[in-house]
Amino acid sequence: MKILTCTQQKEADAYTIANNNILSINLMEKAASLVADEICKRWDRSHRIIVFAGAGNNGGDAVAAARILFTKNYDVEVYLFNIKGTISEDCMTNIQRLQECGFTAYHEISNSFEPPKLEAEDVVIDGLFGSGLNKPLSGGFASVVKYINASSAQVVSIDLPSGLMGEDNSNNARANIIRANLTLSIQFPKLAFLFPENEDIVGEWKLLHIGISPEFIAQADTPYYITEAQDVSQLIRSRKRFAFKNNFGHALLIAGSNGMAGASILAARACLRSGVGLLTVHTPVCNHDILQTAVPEAMVQNDVHEHYFAEPVDLDNYQAIAIGPGIGQEEETALATFDQLADCYIPAILDADAINIISSHRNYLNRLPRQSILTPHIGELERIIGKCNNSFERLTKAKELAAYLQCYIVLKGAYTAVITPEGKFYFNPTGNPGMATGGSGDVLTGIILALLAQGYPQENAARLGTYIHGLAGDIACRRMGEISLTAGDIIDALPEAWKILSEIK
Ligand SMILES: NC(=O)C1=CN([C@@H]2O[C@H](COP(=O)(O)OP(=O)(O)OC[C@H]3O[C@@H](n4cnc5c(N)ncnc54)[C@H](OP(=O)(O)O)[C@@H]3O)[C@@H](O)[C@H]2O)[C@@H](O)CC1
Ligand SMILES: Nc1ncnc2c1ncn2[C@@H]1O[C@H](COP(=O)(O)OP(=O)(O)O)[C@@H](O)[C@H]1O
Ligand SMILES: [K+]
């Protein structure tokens with residue numbers, strides 16, 4: 001699914017009106033009726049509905065929703081802010097329609113505003129500004145926003161929480177943005193919804209499909225996508241009747257150190273549950289027995305060192321390599337890592353300590369094998385690119401890094417982003433907060449390693465791997481709950497996740 005900018009969203013509305021035989025006012029009616037439906041589903045008539053509308057089309061949506069709720073016998077009150085004395089045509093039509101149905105609780109504000117008392121049981125519809133916001137809110141609008149935010153009422157924002165820019169909020173004042181409980185986004189998700197710092201602003205978000213032209217969406221150019229199940233299910237390769245294990249690659253996992261055998265075990269088990277033909281784990285001597293016991297399906301190759309990775313491996317027999325989980329950051333390990341990567345001609349994934357080692361030896365950065373996949377979480381990424389003030393800045397810098405290294409960056413978190421060397425962003429929708437637990441990332445490394453070894457191209461391996469990892473996390477969460485979820489539970493849910501995804505056409 002494409003994520004379009006607010007400017008493109010306006011173009012999409014205009015294109016649909018011009019080419020798809022629908023009047024602008026009817027597109028607004030569709031949006032408003034979906035907003036009203038959603039409110040009716042969640043709140044019954046015992047709740048007062050207080051509508052705050054702007055003079056643009058976002059306000060038009062809100063006024064139309066007010067009429068629909070009023071005709072369904074909800075107790076509705078409307079405050080429309082007409083500060084400049086200009087109301088959009090469709091908004092004006094809806095004000096007239098509202099009055100025509102005998103609605104009297106309509107207040108138009110042009111200067112002074114006596115705000116209504118807001119109670120916890122009230123539902124506020126925020127239709128002040130949507131995709132037409134062109135600068136941060138200030139003055140009277142900022143005061144209205146603060147007033148709504150200070151109340152204990154439930155807030156439903158139409159399209160976007162008023163005051164929030166769809167993409168970059170670097171120069172915005174958070175206090176002047178509505179904090180919604182529910183955001184009903186018209187047709188497209190907005191990039192800003194995917195940023196952790198906006199969680200309390202956006203609340204739960206849901207898309208309302210108003211019938212924007214599919215041709216427009218197909219030709220719209222964007223670097224931002226949300227991966228959907230069908231996008232990745234069609235990447236999954238079926239197995240031939242006469243398949244044998246060599247068809248699915250031999251993966252090499254360099255992982256573990258003294259006290260960190262668990263990282264290698266988790267990555268190895270996830271790799272084996274993701275279709276790899278053969279797996280060799282290269283690990284220090286001290287981890288040999290535990291690995292052989294915990295993962296009997298894997299072959300174990302001892303490093304020369306008792307406690308950590310110290311000697312690179314000949315890659316001749318392998319189709320893909322993963323390096324990093326639990327390897328530590330000894331200087332000898334760093335040197336072995338660089339030696340290993342210097343001659344690496346097979347697809348590679350670098351995780352955890354391999355990334356930390358690179359960030360503390362920055363002169364090696366541009367020697368990483370091209371097309372490698374790096375899987376940092378925010379902290380690991382910022383050790384390379386520096387501290388960022390917000391997610392938009394972080395994504396921008398991550399894109400520059402991916403282009404400079406000609407590598408794929410899998411920036412982990414909620415909505416993990418797969419960032420390609422060409423500057424595309426694929427956000428992953430699966431996964432849950434239960435996965436914020438030690439070892440979850442090692443599981444992801446094992447999954448992507450398995451896919452690389454089977455010959456999946458890097459971009460597909462990263463996108464499919466992150467999707468299935470989150471899906472397994474969601475299945476595990478249903479079984480165990482967020483609190484008890486462990487990385488091992490994600491592995492245990494992988495078989496079901498692979499089965500479910502393989503069956504989606
Ligand atoms: N038929 C359609 O097109 C459909 C549209 N739909 C709906 O329309 C919404 C977009 O509507 P919109 O384009 O009218 O913009 P909207 O967000 O209401 O506000 C723009 C007004 O605000 C003003 N303004 C901007 N920033 C400001 C600031 N900081 N402080 C103060 N003022 C500021 C700006 O004035 P300006 O500064 O440009 O003079 C302009 O007049 C979209 O989100 C969706 O809900 C759906 O119903 C589907 C059908
Ligand atoms: N709130 C969340 N929602 C979705 N996925 C999450 C969430 N928190 C963590 N995850 C996922 O769990 C994994 C955690 O990885 P990482 O931080 O490297 O853990 P570790 O280093 O302990 O293995 C990532 O794939 C991340 O996307
Ligand atoms: K809004």
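## Basis of the model

This is a predicted model, in which local features need pLDDT of at least 70 and side-chain atom pairs count only at pLDDT 80 or more, while totals for chains, interfaces and linings use all residues. Residues are numbered from 1 along each chain as its sequence is written, and chains are lettered from A and ligands numbered from 1 in the order in which they are written.

## Two glutamines with positive phi

Most residues other than glycine have a negative phi. Gln371, with a positive phi of about 70°, is placed in the loop between α12 and β14, helices being DSSP runs of H or I with at least four residues and strands runs of E with at least two, numbered from the N terminus. Gln187 also has a positive phi, near 65°, and lies in the loop between β6 (182-186) and α6 (199-202); with 19 C-beta neighbours inside 10 Å, Gln187 counts as partly exposed.

## The open sheet and its helices

Ten strands form an open sheet with mixed pairing, in the order β8-β17-β16-β15-β14-β13-β12-β9-β10-β11, two strands being paired if DSSP finds at least two bridges between them. At the edges are β8 (224-226) and β11 (299-302), each of which pairs on one side only. Within the sheet, β9 (residues 250-254) and β12 (residues 320-323) run parallel and are joined by four bridges, and Ile254 has Ile323 of β12 as its bridge partner.

Helix α12 (residues 352-359) lies across β12, β13 (348-351) and β14 (373-375), at about 80° to β13, where contact requires C-beta atoms, placed from the backbone, within 7 Å, and angles run from 0 to 180 degrees between the N-to-C directions of lines fitted to C-alpha atoms, for helices over the stretch in contact. Helix α14 (residues 391-405) lies across β15 (408-411), β16 (417-419) and β17 (425-427), running at about 150° to β15.

Note on methods
Two residues are in contact if their C-beta atoms, placed from the backbone, lie within 7 Å. A residue is buried if 20 or more other C-beta atoms lie within 10 Å of its own, exposed if 12 or fewer, and partly exposed in between; C-beta atoms are placed from the backbone.
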